[in-house]
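Colleague: I am new to reading protein models. Could we go through one together, feature by feature?

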Amino acid sequence: MAMSAVYASPLFNMLVGFGAALVIATVRAFPNPYVVPVSHLFLLTGGFLLWATWTSLIIISLRRWVMHWGIGVYLLTIYLAYTILVVLVEKGIVWTPDEHA
């Protein structure tokens, strides 16, 4: 039960959060279509989210659903790498917006 909550709760929050925000934005923009602003950070965030979710699911299932402190260190390392990369991207050091516009 707890393992399903670990994966279902963030997914539910994202779907409802994005869904509600996009419905409100669409209603406000009516009758014109709402254009979703696309940013390269969406790709970065989605990539890290998929990587963390799938690798943790694989690692935990291979360990027969037994949590170990190493998994926590692994997930914190992914979070730290994501945070550093996002800061570098926002500062324009790593991935400037005009490179892939």
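Modeller: Start with the term for elements. Helices (H or I, at least four residues) and strands (E, at least two) are DSSP runs, numbered from the N terminus. This is a predicted model: local features need pLDDT of at least 70, side-chain atom pairs count only at pLDDT 80 or more, and totals for chains, interfaces and linings use all residues. Residues are numbered from 1 along each chain as its sequence is written, and side-chain values use heavy atoms, with hydrogens and water left out.

Colleague: How many helices and strands does the protein chain have?

Modeller: The protein chain has 3 helices and 0 strands. Along the sequence the pattern is α-α-α.

Colleague: How do I read the radius of gyration of the protein chain?

Modeller: Compare it with a rule. The radius is taken over C-alpha atoms, and the globule rule is 2.2 Å times the number of residues to the power 0.38. For 101 residues, a compact globule would come out near 13 Å, but the protein chain has 18 Å. Its C-alpha atoms fill a box of roughly 50 × 35 × 15 Å along the principal axes.

Colleague: What share of the residues is buried?

Modeller: First the cut-offs. Buried means under 20% relative accessible area, exposed over 50%, and partly exposed in between (1.4 Å probe, protein chains only). Here, buried residues make up 12% of the 101 residues.

Colleague: What is the accessible surface of the protein chain?

Modeller: Accessible areas come from the Shrake-Rupley method with a 1.4 Å probe; for residues, only the protein chains shown count as cover. The total is about 8,100 Å², and 76% of that belongs to carbon and sulfur atoms.

Colleague: Which residues make the nonpolar surface patch?

Modeller: Take the rule, then the case. Patches are made of residues with over 30% relative accessible area and no salt bridge; like charges are joined within 9 Å, nonpolar side chains (Val, Leu, Ile, Met, Phe, Trp, Tyr) within 5 Å. A salt bridge is a side-chain nitrogen of Lys or Arg within 4 Å of a carboxyl oxygen of Asp or Glu. This patch covers about 1,200 Å², and its residues include Leu 11, Phe 12, Val 16, Tyr 34 and Phe 42. Helix H1 (2-29) and helix H2 (40-62) are the elements that give two or more residues to the patch. The largest share, 7 residues, comes from H1. Val 16 lies in helix H1. It counts as partly exposed because its relative accessibility is 42%.

Colleague: And which residues make up the largest nonpolar core?

Modeller: A nonpolar core is a set of buried Ala, Val, Leu, Ile, Met, Phe, Trp, Tyr and Cys residues joined through side-chain atoms within 4.5 Å. The largest one has 5 residues: Leu 41, Leu 44, Val 86, Val 89 and Trp 95.

Colleague: Which residues does Phe 48 touch?

Modeller: Contact means heavy atoms within 4.5 Å. Leaving out residues up to four places away in sequence, Phe 48 touches Ile 78, Ala 81, Tyr 82 and Leu 85. Phe 48 sits in helix H2. At 21% relative accessibility, Phe 48 is partly exposed. Phe 48 and Ala 81 are 33 residues apart along the chain, with their C-alpha atoms separated by 9.3 Å. Now the whole chain: of the contacts with a separation of 6 or more, 56% are between residues 24 or more positions apart.

Colleague: Is Ala 25 buried or exposed?

Modeller: Buried, because its relative accessibility is 17%. Ala 25 is in helix H1.

Colleague: What should I look for in the backbone?

Modeller: Most residues other than glycine have a negative phi, and most peptide bonds are trans. Now the cases here. A cis peptide bond joins Phe 30 and Pro 31, with omega about 10°. Pro 31 is in the loop between H1 and H2. Arg 64 has a positive phi near 55°, and Trp 65 has one of about 65°. Arg 64 is in the loop between H2 and H3, and that loop also holds Trp 65. Arg 64 is exposed at 72% relative accessibility, whereas Trp 65 is partly exposed at 47%.
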